[in-house]
Amino acid sequence: MTAVTDQDHTEHPEHLESTEQPERPARADTAGAWDDGLIARRVNGSPAEEQPAVAEPRASTPQKVIPLSYDPQLASRLDALRELVGLSRARLDNRTLSQAGRVLDEAAARCRLSGQHTVVAIAGATGSGKSQLFNTLAGVPISETGVRRPTTAAPIACSWSDGAASLIERLGIPPRLRRRPLQAMTDADERLRGLVLVDLPDHDSAAVEHREQVDRVLGLVDAVIWVVDPEKYADAMLHERYLRPMAAHAEVMFVVLNQIDRLPGDAAEQVLDDLRRLLDEDGIVLGEYGEPGTTVLALSALTGDGVGDLREALARFVAERGAPARRIAADVDITAARLWPAYATRRRTGLSEEAREEFSDRLADAVGATAAGEAAERAWLRNANRACGTPWLRLWRWCRARREPTTGRVPLGGRPDEEVTARQRVEQAVRTVADRASAGLPVPWAQAVREAAVRGSQGLPEALDELAVRAGLPPGRPPRPGWWPVAVLAQASMTILQFVGGLWLLGQIIGVMAPNLGVPVLLMVIGIVGGPLVEWSCRMAARGPARRYGLEAERRLREAAAGCGRARVLDPVAAELLRYREVREQYGRVAGVGAGGGGALRRASGPVGGGSGGSRQPLVRVAEFSTGWGRSTGLGGVRPGGGSLTAR
């Protein structure tokens with residue numbers, strides 16, 4: 001019959017004591033081993049046909065278990081996935097990250113267990129003969145077979161070597177359902193050491209708890225053998241619920257066509273070819289011509305035909321000790337594919353230089369930078385006219401200003417409608433830059449960018465108003481160029497000539513001076529003509545400095561408005577884009593792409609979830625994913641670490 005492992009005896013002594021039967025002398029020679037014989041008696045029909053129990057000496061010390069270790073590439077991908085989940089918790093909901101969390105938990109749990117054992121589950125539909133195949137591989141009737149459906153009610157484990165108790169406990173299989181193969185079979189199949197075979201209930205069982213057990217165990221084992229029969233190998237439930245969603249696990253799957261003894265002639269080969277066609281439509285890569293993939297075999301568990309090929313394939317598979325890592329890697333591939341919409345994008349994203357400049361221009365227009373520059377230019381020209389103009393012209397302008405009524409003049413403060421218009425311009429500028437920064441981003445990150453822009457825009461109009469007051473025209477008169485004293489002296493000379501010529505003529509009229517009209521008239525003409533001429537020359541010469549003064553005032557206000565907008569809006573938006581860049585790079589590592597975009601990406605064909613679609617699609621589209629970044633930046637000219645914010 002069968003016996004539990006020595007480790008099982010050590011871990012469950014109370015069960016051992018409860019099952020020993022000293023009153024039966026026929027089993028006195030096997031008192032050191034536990035064997036209930038229940039399942040074998042059900043299979044054989046009578047106690048007289050029991051097989052001898054497989055007994056092993058109880059180990060004096062527990063066997064040392066070597067834990068599983070992942071290769072550097074898979075370990076790096078798991079670390080990146082863990083970092084990705086941590087960075088994304090504030091942006092993505094728990095439902096989106098739940099599968100990634102489960103993969104990390106399962107990877108950590110499997111890594112703590114034995115790396116010298118490979119857990120392989122045998123799964124199949126009702127009547128496919130999986131339990132019979134399980135017994136044939138073990139060389140002893142372990143799992144119950146029969147015409148009653150469903151036959152297998154709970155998973156049964158058979159271990160070819162010690163040290164697998166923790167792995168079997170992880171599957172939730174109690175000690176009473178743990179077996180060892182026939183001793184002669186163990187000696188003959190030494191290469192199967194490390195194999196833990198698990199017989200599962202029917203995946204299409206009428207009992208819901210049976211199907212739940214199948215789904216639970218399939219998520220924990222290292223590999224699976226799918227057993228199909230000639231009647232139900234094309235069952236839609238099998239392909240749509242299990243095979244198609246597990247297409248990424250092609251390297252850790254076997255598909256066995258059982259009961260070929262029921263097929264006449266070449267029918268077995270025809271059914272096997274049709275089975276390969278269906279698997280190919282499911283997106284499962286077949287392991288043919290030495291390529292990695294699913295192994296497809298035909299056998300008869302009843303006659304033993306083809307079982308040797310399966311045993312040989314299992315021996316090679318177990319000897320590699322790579323199934324647990326390949327299973328976890330496939331889980332990471334599926335997780336990366338399902339997270340694709342939350343991280344990847346097919347278009348250029350980020351803030352370009354043009355978008356930032358347009359945002360700064362909109363803020364400058366809202367704060368009135370252009371008008372402030374023009375006002376500064378006019379103020380400089382007025383100051384030049386006051387300094388270099390003729391006294392008579394300035395006196396006339398002063399009198400005209402005094403005579404003009406005060407009604408109708410524009411007050412110094414801004415009007416309410418102008419303030420409303422300026423606020424609307426600021427809000428429009430923020431919406432525009434938020435839309436441009438979030439364009440092309442996945443929905444969670446686009447929402448985060450827009451929220452950051454909205455938070456920064458609160459209080460921005462008031463801050464711009466205060467900034468316009470501080471960065472407006474400086475108090476006092478504008479600075480004077482070096483040629484102004486010369487112009488003032490020339491204008492004073494022209495005025496003095498006019499006074500001298502006028503007094504000279506007045507003296508001649510009253511008889512104080514000798515009559516001589518030529519000189520005083522010439523002096524007055526020179527003063528009268530020279531004054532406006534000097535004023536006109538100064539006005540022409542003042543245009544350049546006045547223009548530069550106005551541009552400088554406009555530049556100061558524009559820079560102040562741009563700095564305020566950058567600190568309140570662009571920097572928070574850039575921070576969100578940097579966060580997205582970081583998680584995108586981590587996602588690239590998870591998907592198998594290097595940080596520089598030049599790494600190789602693991603690809604698996606087939607849809608991610610279930611469904612009836614049969615088209616083959618890559619799990620992660622390497623041609624559409626890149627971690628390269630453009631030259632534009634959303635930091636207003638600041639590139640932390642030399643990087644950029646525009647993703648391609």
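Student: How much volume does the second largest pocket have?
Tutor: In this predicted model, the second largest pocket has a volume of about 530 Å³.

Student: Which elements give two or more residues to its lining?
Tutor: Those are helix H5 (94-111), helix H9 (208-218), helix H10 (236-243) and helix H13 (323-338). H13 gives the most to the lining of the second largest pocket, with five residues.

Student: And how many residues line that pocket, and which lie nearest its centre?
Tutor: The lining has 19 residues, and nearest the centre are Gln99, Gly219, His249, Arg327 and Asp331.

Student: How does the lining divide into nonpolar, polar and charged?
Tutor: The lining of the second largest pocket has eight nonpolar residues, four polar ones and seven charged ones.

Student: Okay, zooming out. How many helices and strands does the protein have?
Tutor: You can find 22 helices and seven strands in the protein. It has 648 residues, and 47% of them are buried.

Student: What about the accessible surface, what does that come to?
Tutor: The accessible surface of the protein is about 31,500 Å², and carbon and sulfur atoms account for 55% of that.

Student: What share of contacts join residues at least 24 apart?
Tutor: If you take contacts between residues at least 6 apart in sequence, 78% of them join residues at least 24 apart.

Student: Let's do the sheet. What's the order of its strands?
Tutor: The order is E3-E2-E4-E1-E5-E6-E7, in an open sheet of seven strands with mixed pairing. At the edges are strand E3 (178-179) and strand E7 (295-298), each of which pairs on one side only.

Student: Remind me, what do strands of a sheet pair through?
Tutor: They pair through backbone hydrogen bonds, and the strands can be parallel or antiparallel.

Student: So do E2 and E4 run parallel or antiparallel?
Tutor: Strand E2 (residues 156-159) and strand E4 (residues 195-199) run antiparallel, joined by four bridges.

Student: Why is E6 said to be largely enclosed?
Tutor: Strand E6 (residues 253-257) has five of its five residues buried, so the rest of the structure largely encloses it.

Student: Which way do the E6 residues point?
Tutor: Met253, Val255 and Leu257 point one way, while Phe254 and Val256 point the other way, and all are buried. In a regular strand, side chains alternate between the two faces of the sheet.

Student: Back to alanine 157. Is it buried or exposed?
Tutor: Alanine 157 has a relative accessible area of 0%, so it is buried.

Student: What is alanine 157 in contact with?
Tutor: Beyond its neighbours within four places in sequence, alanine 157 is in contact with Phe134, Ile168, Ile173, Leu177, Arg178, Arg179, Leu197 and Val198. Phenylalanine 134 is 23 residues apart from alanine 157 in sequence, and their C-alpha atoms are 9.7 Å apart in space.

Student: New topic! Where's valine 583?
Tutor: Valine 583 is in helix H22 (residues 518-591). Its relative accessibility is 0%, so valine 583 counts as buried.

Student: What does valine 583 touch?
Tutor: Leaving out residues up to four places away in sequence, valine 583 touches Leu84, Leu87, Ser88, Tyr343 and Trp445. Leucine 84 is 499 residues apart from valine 583 along the chain, but their C-alpha atoms are separated by 5.8 Å.

Definitions and conventions
Residues are numbered from 1 along each chain as its sequence is written. This is a predicted model: local features need pLDDT of at least 70, side-chain atom pairs count only at pLDDT 80 or more; totals for chains, interfaces and linings use all residues. Side-chain values use heavy atoms; hydrogens and water are left out. On a 1 Å grid over the protein atoms alone, a cavity is a set of points where a 1.4 Å probe fits but cannot get out, and a pocket is an open set with protein on both sides within 12 Å along at least five of seven lines; lining residues have an atom within 4 Å of a point. Grid points are joined across faces, edges and corners, and a volume is the space filled by probe spheres set on the points. Ala, Val, Leu, Ile, Met, Phe, Trp, Tyr, Cys and Pro count as nonpolar, Asp, Glu, Lys and Arg as charged, and the others, Gly among them, as polar. Two strands pair if DSSP finds at least two bridges between them. Buried means under 20% relative accessible area, exposed over 50%, partly exposed in between (1.4 Å probe, protein chains only). Contact means heavy atoms within 4.5 Å. Accessible areas come from the Shrake-Rupley method with a 1.4 Å probe; for residues, only the protein chains shown count as cover.
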